[in-house]
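The sequence and structure come first.

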Amino acid sequence: MSNHSTELETRGELDPAPSPERFENPGLPPHRPRLSDTSPEGSKRAERQVAIIFGISILATIAGVWGYFAFPMDAGVGNVRYSTLSIGLGLGIGMLGIGIAAVHWAKALMSDVEVVDQRHPQRGDDATRAAAVADLQAGAKDSGIARRPLLKGALITAVAIAPLSFLVPFVGNLGGSWNVNAMRHTMWRKGTRLATDPDGRLIRPEMVTIGSVWHVIPDGLHEVDDVLAEKAKAIVLLVRLAPEDLKILPGREDWSYDGIVAYSKVCTHVGCPVALYEQQTHHLLCPCHQSTFDVADGAKVVFGPAKRALPQLPIMVDDEGYLAARDDFDEAVGPSTWERQRPIRGEDY
Amino acid sequence: MTTTTPAAKAAAATGDFFDTRIGAAKLVKEFARKVFPDHWSFMLGEIALYSFIVLLLSGTFLTMFFVPSMTEVHYPVDALPTTMRGVEMSEAFASTLHMSFHVRGGLLMRQIHHWAALLFMAAIVTHMMRVFFTGAFRKPRELNWFVGFTLLILGLAAGFTGYSLPDDVLSGNGLRIADGVAKSIPILGSYVSFALFGGEFPGHVIIPRLFTAHILLVPALILSLVAVHLILVVVHKHTQYPGPGRTNSNVVGYPLFPVYMAKAGGFFFVVFGVLAIMGATLSINNVWNYGPFDPSPVSAGAQPDWYMLFLEGALRLMPGQTEFVVAGYTVPLNILVPGVVVPGILFTLLGAYPIIEAYASGDKREHHLLDRPRNVPTRTGVGVAVLTAFIILAAAGSNDLIATHFKLSINSITWVFRVLFLVGPFIAFIITKRMCLALQRRDRDLVLHGYETGRVVRFASGEYIEVHQPLTPQERWVLVDYDPHKPLPAPSETNARGVARPDYKKLRRQSRLSHFFFADRVDPVTPAELEAAHAHHASAHGSDHELEHETATAGELESTSV
Amino acid sequence: MTALARARRHRLAPVLLMLLALLAVGGVYAVVAPPAAVAETYSADDVAAGQKLFQANCASCHGASAEGRDGVAPSLIGVGAAAVNFQVATGRMPMAAQAPQAPTKTPQFNAEQIKQLAGWVATLGPGPSVPTEDMVDPARGDAANGMLIFRTNCAMCHNAVGAGGALSNGKYAPSLFESTPTEIYEAMLTGPQSMPVFSDANITPEGKRDVIAYLMEQRTAQAGVGGANLGAVGPVSEGLWVWVVGMGALVAAAVWIGAKSS
């Protein structure tokens with residue numbers, strides 16, 4: 001028999017010393033028998049209950065398997081619903097039944113007399129510790145590392161830098177071309193026409209009425225190599241305000257056309273599309289973190305965690321009467337990066 | 001053991017097979033009747049473990065049908081769901097739709113998997129709170145606390161990589177936010193962004209990379225750490241609540257075989273069953289409603305799964321003016337503070353807490369008896385304060401839903417949460433600590449004076465008293481069995497011979513922290529105090545004191561002499 | 001000669017024949033012709049009654065000739081019958097009390113009165129008219145294209161399936177779950193309050209019908225294919241439910257398992 005006992009040993013190695021300041025442990029309370037301990041009918045009843053619950057589980061599992069065969073997937077959305085429900089409830093009730101039955105069995109029928117086991121301190125006794133230290137010292141002495149600092153240094157250096165020949169290729173290849181300056185430009189150029197998102201229809205200024213908002217992509221977006229990467233930078237919102245409501249920033253007199261302005265849709269906070277346009281306040285609200293920009297005042301931030309105004313796309317009307325960009329944005333779109341205001345070497349930005 | 005019946009013979013043969021090959025007899029002897037204490041709060045970690053098993057099983061099902069590729073395809077024009085017919089999308093998204101609408105039980109498995117992920121994190125947090133508030137992280141279990149803390153972080157990683165796999169608009173915007181946070185890192189930000197996405201956002205490799213992380217790297221780490229976590233529980237034996245018969249040197253409970261196998265094994269089936277029923281009846285993450293990822297659309301109510309809401313809320317609350325430029329280099333504190341600094345502080349506090357408290361108490365003993373939270377008021381207060389901070393951040397992350405549901409202004413809500421985040425944890429700490437101390441005083445009163453029975457007795461002298469029923473020794477034991485932690489005394493600047501102590505500053509710091517933790521306390525009742533209280537009763541009520549005790553004590557109580 | 005033979009030779013017989021022929025042709029045409037895509041027409045009586053209703057219920061805020069009052073109510077000149085139909089049929093107008101925006105409530109006027117009001121306002125200036133049944137019939141729309149349009153132009157305010165969302169300072173984009181196809185069309189066309197105007201050049205009439213088809217599709221079985229949709233507001237409600245239902249049920253189970261049996 002192991003060192004279990006059903007009697008309390010009140011003082012063990014890990015207990016504090018007895019003291020008049022402290023009460024004594026009164027010991028385990030007396031065992032209270034359950035119904036199934038004292039009455040054979042109680043015990044039989046519990047056994048029946050457990051069996052019934054197992055039985056429900058079995059039926060549910062069968063229903064779940066039936067559900068797989070009963071609802072093929074090419075017969076409409078209702079079948080998807082019934083299939084999910086039947087297999088799921090079959091699985092769920094099947095599992096739940098086993099669980100409830102097993103627990104009820106344990107609680108009602110298995111012994112519930114408490115058993116006591118002894119703990120021992122984690123700390124090894126002094127003899128073992130001394131032996132362990134002696135073993136380590138003997139091993140170190142055998143290796144000779146203590147007396148040979150050159151070996152120690154060489155080992156550490158070699159082991160420390162060895163992972164580099166794995167890590168450098170691993171990390172080095174992760175970033176593709178590593179051309180981070182590509183983030184500073186978009187595909188908008190002088191003359192790139194504005195088109196509706198997502199179907200690509202061209203836009204004339206008379207189509208843009210006061211109070212409307214147009215979601216815009218560059219014409220020709222779907223012909224580039226990496227559509228989503230270009231779209232992620234190039235999305236634009238087009239809005240028309242009454243000219244007396246619109247404040248034109250100095251140096252941007254020809255960036256708008258008769259009250260029509262275009263701003264980058266990529267939030268300068270962390271990059272969600274700033275898409276909510278409140279017509280009456282002419283505010284743009286980003287749904288992710290509630291940065292709010294005032295379109296009538298250079299899209300500057302009026303609330304929220306963004307700092308910088310949305311970059312403005314300079315627009316004009318081309319000779320066929322369509323709205324087109326005058327130039328790319330004058331700054332990088334989207335969230336701030338460390339180097340965003342620094343000139344790119346080789347470009348006069 | 002008889003070996004005459006066929007079953008017994010088979011069992012004996014099996015036992016012999018394993019014993020002669022792996023020494024099974026020793027293992028069985030060691031573990032079969034191992035004692036585990038029985039309390040519902042010890043099963044919270046099991047909920048996490050079992051939901052992880054459900055994640056592995058349902059996840060394996062999903063990997064049979066999911067295609068982790070960002071190659072663009074067109075969804076068939078005659079397939080369900082109708083709103084996706086002919087739409088251009090990535091293979092990852094298309095395979096998710098196919099799995100949901102054309103694989104029997106596919107939608108069920110997706111929903112079970114996602115509910116299990118949410119439950120996994122909820123169970124980890126609840127279990128962690130139980131361990132924290134009962135002090136189960138104290139020596140020798142600090143290492144297990146660090147393992148568990150790491151499991152919490154890995155769970156966050158597993159969830160984030162997992163829900164981003166279908167490549168839909170909601171999780172894709174979440175990836176875009178993650179990209180924005182990465183870009184904000186000083187000096188390296190743009191390069192970190194490129195490393196994650198293989199180039200510019202969104203690139204073509206993020207989904208396959210997240211897939212590798214989600215099904216290989218993170219689960220491997222979780223499984224190994226779970227193994228370490230459980231082995232440590234076996235090595236240390238489980239803690240137990242204080243109670244009659246329970247000491248720091250024993251474990252009182254039930255044996256592993258059969259009781260715990262039945263209860264814990266049964267609980268696994270219960271957890272599985274509940275998750276399957278939730279997966280069958282409650283919709284979750286219907287990605288066809290969000291649509292395949294495109295950088296242009298975004299939905300109102302754009303939040304990550306609940307366990308990431310604290311980051312989302314922090315990002316929403318931080319005012320924007322804090323971004324600044326120095327020498328042409330931009331430092332976006334409006335992102336770094338909520339994304340890195342605040343979570344860093346909260347998680348470091350949580351992770352390092354065992355070290356902080358051990359330093360403050362100077363306690364080097366092993367602890368196997370749990371604390372009742374009221375008996376450690378400062379720890380409980382700190383725990384509630386940190387929880388309050390997380391809950392405020394999570395609520396701030398849902399501010400637009402609060403605005404629509406309660407018809408409030410989202411701007412006002414944001415301002416309220418900004419103030420609450422700074423002030424709330426401190427208020428919560430003060431209130432909690434005071435409540436704990438009050439509860440401790442109530443316990444003292446109970447021990448010294450017994451229960452109020454509601455019976456009023458009038459003496460011949462005309463005095464009325466309410467009869468109090470004294471506690472049985474078992475009832476009293478729970479209320480007095482705790483350590484009266486005393487704060488470490490303030491050190492003297494000089495030692496006995498008048499020489500200045502070199503470690504004075506260090507000791508003073510430790511003493512100050514110790515005072516913060518333990519200066520306000522209520523000590524447990526001592527036998528002498530109980531004796532004094534009884535004497536007081538006796539002297540106040542004379543010979544009728546006996547009447548009081550005889551009428552009050554009932555049932556199988558022993559004499560109350562101590 | 002019989003009576004019938006005499007009737008056939010009556011002077012007015014050709015006239016009667018002509019009338020019968022016209023009736024027959026007209027009747028056949030009415031039965032087989034496709035529904036006309038012409039806007040609602042208002043009679044002079046409609047317009048007069050509408051003006052009376054306007055003076056009694058709307059002029060106090062919008063002005064006697066609907067010219068608007070600064071800071072109180074906008075001008076209605078040129079808003080068109082569609083705007084009136086939308087605002088009054090959803091009960092937004094007449095607005096009962098000052099609020100960040102006009103909420104929907106029980107409409108104060110019946111369909112006949114709304115038609116009269118719309119008719120009068122339509123005479124004030126050219127504006128969008130009430131769409132015909134054809135234009136808003138979801139069966140004729142393409143739900144997949146509608147979703148592409150909806151998620152780019154509408155989901156950021158109204159949520160991916162139209163459950164509604166928050167705008168700044170107490171304003172909100174309402175839930176679309178109870179809106180009729182006509183209301184949805186009119187709202188896109190007239191841009192009520194904070195909602196931008198989506199003219200027919202921006203979202204074409206077919207595009208608008210596709211959007212309606214998408215929203216109606218969301219109300220069919222597809223919407224509930226995974227089970228109860230928990231409000232369709234996304235991960236926050238899912239997180240709330242996992243704590244309440246999931247952890248709640250399992251903690252209750254744990255308490256049961258740990259409790260002593262009787």
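## Helix α12 of chain B

The buried residues of α12(B) are B:Leu309, B:Phe310, B:Leu311, B:Glu312, B:Gly313, B:Ala314, B:Leu315, B:Arg316 and B:Leu317. A residue is buried if 20 or more other C-beta atoms, placed from the backbone, lie within 10 Å of its own; 12 or fewer make it exposed, and anything in between partly exposed. Nine of the nine residues of this helix (residues 309-317) are buried, so α12(B) is largely enclosed by the rest of the structure. These residues pack against α13, α14, α15 and α16 of chain B. Helices (H or I, at least four residues) and strands (E, at least two) are DSSP runs, numbered from the N terminus.

## Basis of the model

The model is predicted: local features need pLDDT of at least 70 and side-chain atom pairs count only at pLDDT 80 or more, while totals for chains, interfaces and linings use all residues. Residues are numbered from 1 along each chain as its sequence is written, and chains are lettered from A and ligands numbered from 1 in the order in which they are written.

## Helices α14 and α16

The axes of α14(B) (residues 377-397) and α16(B) (residues 410-449) come within 8 Å and cross at roughly 150 degrees. That makes α14(B) roughly antiparallel to α16(B) (an angle over 145 degrees). By class, their contact has 18 nonpolar, six polar and one charged residues. Ala, Val, Leu, Ile, Met, Phe, Trp, Tyr, Cys and Pro count as nonpolar, Asp, Glu, Lys and Arg as charged, and the others, Gly among them, as polar.

## Helix α6

The buried residues of α6(B) include B:Trp145, B:Leu151, B:Phe160 and B:Tyr163. The buried residues of α6(B) pack against α5 (106-133), α7 (169-183), α9 (206-236) and α13 (333-361) of chain B.

Chain B has 20 helices and eight strands, and its C-alpha trace spans about 95 × 85 × 60 Å along its principal axes. Of its 562 residues, 49% are buried.

In chain B, 55 residues are in contact (C-beta atoms, placed from the backbone, within 7 Å) with 49 residues of chain C. The elements of chain B giving two or more residues to this side are α5, α7, α10 (256-281), α11 (287-290), α15 (399-406) and α16. α10(B) gives the most, with eight residues. The side of chain B that touches chain C divides into 31 nonpolar, 19 polar and five charged residues.

Conventions. Axes are lines fitted to C-alpha atoms, for helices over the stretch in contact, and angles run from 0 to 180 degrees between N-to-C directions. Angles under 35 degrees count as roughly parallel, over 145 as roughly antiparallel, 65 to 115 as roughly perpendicular and the rest as oblique. Two residues are in contact if their C-beta atoms, placed from the backbone, lie within 7 Å.
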